[in-house]
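The sequence and the coordinates are shown next.

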Amino acid sequence: MLLARDVAANLRRNNLVVASNRLPFVLTRLEDGSYTSRAGSGGLVTALLPVLRGRGGAWVGWHGATEPIPNLDAMLGQAAADAGYRLRPIALTADEQKKFYYGFANEIIWPLFHDLQSLCNFDPSYWRSYCEVNRKYAAAIAQEVQDGDLVWVHDYQLMSVGMELKRLGLNARTAFFLHIPFPPLDIYLKLPWRFALLHALLEYDVIGFQTLRDRRNFLQCVRALAGVRSTGKGQIVSLRYQERDIRVGSFPIGIDYNDFVRHAASAEVAAKATQLRAQLPNRQLILGVDRLDYTKGIPHRLEAFRNALVRYPELHERVTLIQVVVPSREDIPQYFELKATIEKLVGEINGQFTRPGGWVPIHYVFRPLQAADLLAYYRAAEIALITPLKDGMNLVAKEYCACSIEEECVVIMSEFAGAAAQLQRGALLVNPYDIEGVADAVWQAYRMAPRERRARMRRLRRTICEQDIFWWADSFLRGAIAKDLSAFPLPEDYSPQSDLGPVSH
Ligand code: GDG
């Protein structure tokens, strides 16, 4: 396996310039109006650090505020010195944040690409703002790039940046990775700007998706709307478009597995997990962890849990569902309404089954958790219930497995999460819309023998360990710069089934 440092060596003579919606650090406003910054800790930052550090790479993104930040330059200078690569901030006005970020990205692309077109608000002013802001990002990137550099753009907020870079006459290789799903043709066609957006994407030299299913959906759209067919059969295929070769591949994102294992095994996390177990004794803990988002299928999951309690009364007092919901995008009305729906359901179900002075079936947590507390939940729970209606990957599932050090745990997993393609041989796959099917899986998981649990969990952990976040960054970057695509065959366990997405029953 090629390591990040080897890719870094391959890229040595050329810079890597990364662009994402947000810069990889968090700004906090203090009471006196000044700001402090601290480095972000997400998987993307961890993966790209070895490639960017010491090579003079750069990261371009929004700094996160809509008002002027007095000490921004000084903070960025210090943050860049600490990080080991340059940071170039993008400033967004309140109107841009509203129309580009909340509007086009999160009221159009986010629901549409998760197959929920009825939730889209196709406001034409959103599209105009999206184009303008993508141009702004491109102009900032152009300041950082020299001929021969590789520009790696991330996610659905920045799909037109590659085209804007070409318009600026930039002679750099451009690559794009979509963290969320790409929808099937029939759904993509609903987008009023379907041609413009697809052609913008085709201005990138390399386009990466999480799964083969997303790649297939994209290629179908390209065939229908641009009349171009792909060639090749491997993990990366080629498109010949306007006399250029474009690479299109699938690269499932991973986690920093070893870091999660280490942190989960720490004395702090172990003590918190033991305390949690002591507070909820003599039962199996079922865990759900999600950002507040309608794609995560939380109401469906709660209904499935209710159904399990109705149809399998043996579960009473023997299981507790801990549902952690992390606040997110509450400025969008649908998110606010979702919170009310979840809280109503939790209240109803607890009202229906709680034993006064004793068992409460659902423990509901609505706040962001410190990393150690999140990992303690992962470690303490016997069953993870991860049932998004659709998800690009779902890292919570992988983090849960990494932290399940004792390995006597079960993952119930939506077949519509990108992670299902990699984890299908160890997890119990469910259709999240099938309330009784999910309830049956809860019952099956509850009764699963320790030996089967361990065998399944070992398979899951092996895959997640091998295909971690560094493997992901390496395979994407190698795919972007390699001369010969035959070095990228499909995974050994590939089957047409995993291309279509796994189907459990
Ligand atoms: C998008 C795609 C794709 C959650 N609660 C807390 C907390 N988290 C962290 C988890 C995990 C991350 O947030 C959530 O990642 P997911 O992958 O599950 O979901 P999205 O945020 O929707 O991410 C997704 C991903 O991009 C990467 O490509 O997998 O499909 O939608 O890392 O640990 N972290 C802390 N406290 C919490 O309460 N500290």
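Is Glu 243 buried or exposed? Glu 243 counts as exposed, at 73% relative accessibility. The model is a predicted one.

## Two residues with positive phi

Glu 243 sits in the loop that runs between β10 (236–241) and β11 (244–250). Its phi is near 65°, a positive value in a residue other than glycine.

Asn 394 also has a positive phi without being glycine, with a value near 95°. The residue belongs to the loop between β15 (383–386) and α15. Whereas Glu 243 is exposed, Asn 394 is buried, its relative accessible area being 7%. Because that value is under 20%, Asn 394 falls in the buried class.

## The ligand site

The ligand is surrounded by 19 residues, and the closest are His 179, Leu 369, Asp 391, Met 393 and Glu 399. By type, the shell consists of eleven nonpolar, four polar and four charged residues. At least two residues of the shell come from each of β12 (284–291), α14 (371–380) and α15 (395–403). The largest share belongs to α15, with three residues.

A polar side-chain atom of His 179 is 2.7 Å from a ligand oxygen. On the backbone, a polar atom of Gly 392 lies 3.0 Å from an oxygen atom of the ligand. A polar backbone atom of Asn 394, the residue with phi near 95°, is likewise placed 3.0 Å from an oxygen atom of the ligand. The ligand taken alone exposes 730 Å², of which the protein buries 77%.

## Lys 296

Lys 296 is located in the loop between β12 and α12 (298–311). With a relative accessible area of 10%, Lys 296 is buried.

Leaving out residues up to four places away in sequence, Lys 296 touches Asp 290, Arg 291, Arg 301, Thr 387, Pro 388, Leu 389, Asp 391 and Asn 394.

## Gly 208

Strand β8 (residues 206–209) contains Gly 208. This glycine is buried, and its relative accessible area is 0%. Apart from its neighbours within four places in sequence, Gly 208 is in contact with Phe 176, Phe 177, Leu 178, Gly 249, Phe 251 and Phe 476.

How far apart in space are Gly 208 and Gly 479? The C-alpha to C-alpha distance is 9.4 Å, while the two residues are 271 places apart in sequence.

## Cysteines

How many disulfides does the count give? The count is zero. A disulfide is a covalent bond between the sulfur atoms of two cysteines. For Cys 403, the closest cysteine sulfur is in Cys 401, at 9.4 Å, so the pair is too far apart for a bond. The sulfur of Cys 465 also has its closest cysteine sulfur in Cys 401, here at 12 Å, and this is again too far for a bond. The cut-off applied to such a pair is 2.5 Å.

Cys 403 is buried, at a relative accessible area of 0%. Cys 465 counts as partly exposed, at 31% relative accessibility.

Key
Residues numbered from 1 in each chain as written. Predicted model: local features only at pLDDT ≥ 70, side-chain atom pairs only at ≥ 80, totals over all residues. Heavy atoms only, no water. Helix = DSSP H or I, 4+ residues; strand = E, 2+ residues; numbered from the N terminus. Buried < 20%, exposed > 50% of the residue type's maximum accessible area, 1.4 Å probe, protein only. Contact = heavy atoms within 4.5 Å. Near = heavy atom within 4 Å. Polar contact = N/O pair within 3.5 Å; in protein donor to acceptor, adjacent residues only side chain to side chain. Areas by Shrake-Rupley, 256 points an atom, 1.4 Å probe, with all protein chains shown as cover. Nonpolar A, V, L, I, M, F, W, Y, C, P; charged D, E, K, R; others polar.
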